[in-house]
There are 2 protein chains.
Amino acid sequence: MNIILASPEEITASRIRLSDHRAEHIVKVLRSGPGDIVRFGIINGGRGKAKILDLKRKFPFSVELQVEIFEDMDRASPIDLVLALPRPIMLKRVLSQVSAMGVGTIHLIQANRVEKSFWKSSIVSGEEFLPHLLHGLEQAVATRVPKVVVHRHFRPFIEDFFPNIREQYGSLLLAHPDGGSSLQEGFTEKITPERVLLAIGPEGGWVDFEVKKFLEQGFTPCSIGERILKVDTAVIALHSRISLLLEQLSIQR
Amino acid sequence: MNIILASPEEITASRIRLSDHRAEHIVKVLRSGPGDIVRFGIINGGRGKAKILDLKRKFPFSVELQVEIFEDMDRASPIDLVLALPRPIMLKRVLSQVSAMGVGTIHLIQANRVEKSFWKSSIVSGEEFLPHLLHGLEQAVATRVPKVVVHRHFRPFIEDFFPNIREQYGSLLLAHPDGGSSLQEGFTEKITPERVLLAIGPEGGWVDFEVKKFLEQGFTPCSIGERILKVDTAVIALHSRISLLLEQLSIQR
């Protein structure tokens, strides 16, 4: 936890009292005392610092902070994700990691090779995404929370929902081992608008029908090499390469 | 497990009998039967396929295979790593993930912010790296095992050991949040030889003395942005960006 995050409702007259895992972190990990300064941010808001006014070192932990916000929210990421629902333990890690790296919206979708039981897990059925997203933001010193949208059926997603968001993207990439194109080839030179939608399949990959549907909608199948990567590794690897390509484009302009 | 790996000593006259987790995987996950074909590779050797001759479906599992090797080992990676020793659970994940992505040698080193207890963990004290490296190779359908070298003291590593390997590298990159340069700027345009050594610090980062020592040896401090990433995320993100930059250089040539 490299920044303490709180929602705006928790703050009154620039003061906040914490008594949960954030208080425990300040006491036990940071080992802070009264007068010390910690990084502080408002969820989906600005960033700054907070001064410790008062602190209870024993359980139940309690910390009172004086908050000062002087820095903007982190910039919106140009990358959105379509992710075939991974197994719950993997989903938690991926949500946290992409939240740390920066992502706009994550569309969790059904695919043929997604195990049905994954949809019944508490994280998905209860839409308990926020703690994992916040975990990533706390790591990355960011405050902008990615959106997560759940699509329980493949065809309604690709045929009905997707056409409505398509215009937002200058580049539509389908991660696919038999992709043929390298990521760079799949990346149009002058993408406008400068937003990328990246679709990543389940362990075992997309089935032919799904690939066909994505291609019909204008996606370019892309591969980053012969190696088969786990979903969490692949997401970071692709996100990193796309970020670098976008940075290179913005330097050229 | 996308490929069954075995050491050459296990194979006699193109046949091998498995009775460990590999046999269990063939029986329980792949649900293969006699006559079925599985991907097969020799550790630090070629790749091919194997035909199931005989199989015992109940515990203790047992599978006999007829092996045929017709494809080369995966190419050597141009990237080596210097990694401040992470906590054991993180180390296992990083070894597996970089092994899947492809890496030459991993130098695990001491740094000021490495907790001393990490050196006492069984994975480090017993040098039990191989299972985690193989796990990554089995995922990636690769056979070339990365080397792991342990350096328990920082100064002997950077002052005595490093100068002996320095000539191997065209580019020396130090991941450092205050790096100043972007990764691309830190990347010399015409690196010869085309090998990169990437140094990644502990959670909490390198201390000033360590940065000074790396810079004295010719490392360029590089950052991939303001966001603070966990070691496992940072390793994949940096490896991916460096791989893309190397691919771009090789296309230009």
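**Entry 1: the domains.** I'm working with a predicted model, so I kept that in mind throughout. I looked up how chain A is divided, and the assignment gives domain 1 (4–71) and domain 2 (79–252). Going by C-alpha atoms, the centres of these two domains of chain A are 34 Å apart.

**Entry 2: where they touch.** Next I checked who takes part in the contact: domain 1 of chain A puts in 10 residues and domain 2 of chain A puts in 8 residues. Together the two domains bury about 700 Å², with 62% of that on carbon and sulfur atoms. Which residues of domain 1 lose the most area to domain 2? I found A:Leu5, A:Asn44 and A:Arg47, which together make up 61% of what the domain 1 side buries.

**Entry 3: what kind of contact.** I looked for salt bridges between domain 1 and domain 2 of chain A and got 0. Polar contacts did turn up: 4 residue pairs, both partners at pLDDT 80 or more. On the domain 1 side, strand E3 (residues 37–42) of chain A gives the most, with 3 residues. Sorting that side by class, I got 3 nonpolar, 5 polar and 2 charged residues.

**Entry 4: the two chains.** I then laid chain B on chain A: a turn of 180° and a shift of 0.0 Å along the axis does it, with an RMSD of 0.0 Å. So the two copies are related as by a two-fold rotation axis. Last, I compared their interfaces: 97% of the interface residues of chain B are also interface residues in chain A, so the copies meet through the same surface.

Methods. Residues numbered from 1 in each chain as written. Chains lettered and ligands numbered in written order. Predicted model: local features only at pLDDT ≥ 70, side-chain atom pairs only at ≥ 80, totals over all residues. Heavy atoms only, no water. Domains from an automatic or database assignment. Contact = heavy atoms within 4.5 Å. Buried area = accessible area lost by both parts, 1.4 Å probe. Salt bridge = Lys/Arg side-chain N within 4 Å of Asp/Glu carboxyl O. Polar contact = N/O pair within 3.5 Å; in protein donor to acceptor, adjacent residues only side chain to side chain. Helix = DSSP H or I, 4+ residues; strand = E, 2+ residues; numbered from the N terminus. Nonpolar A, V, L, I, M, F, W, Y, C, P; charged D, E, K, R; others polar. Least-squares fit on C-alpha atoms with pLDDT ≥ 70 in both.
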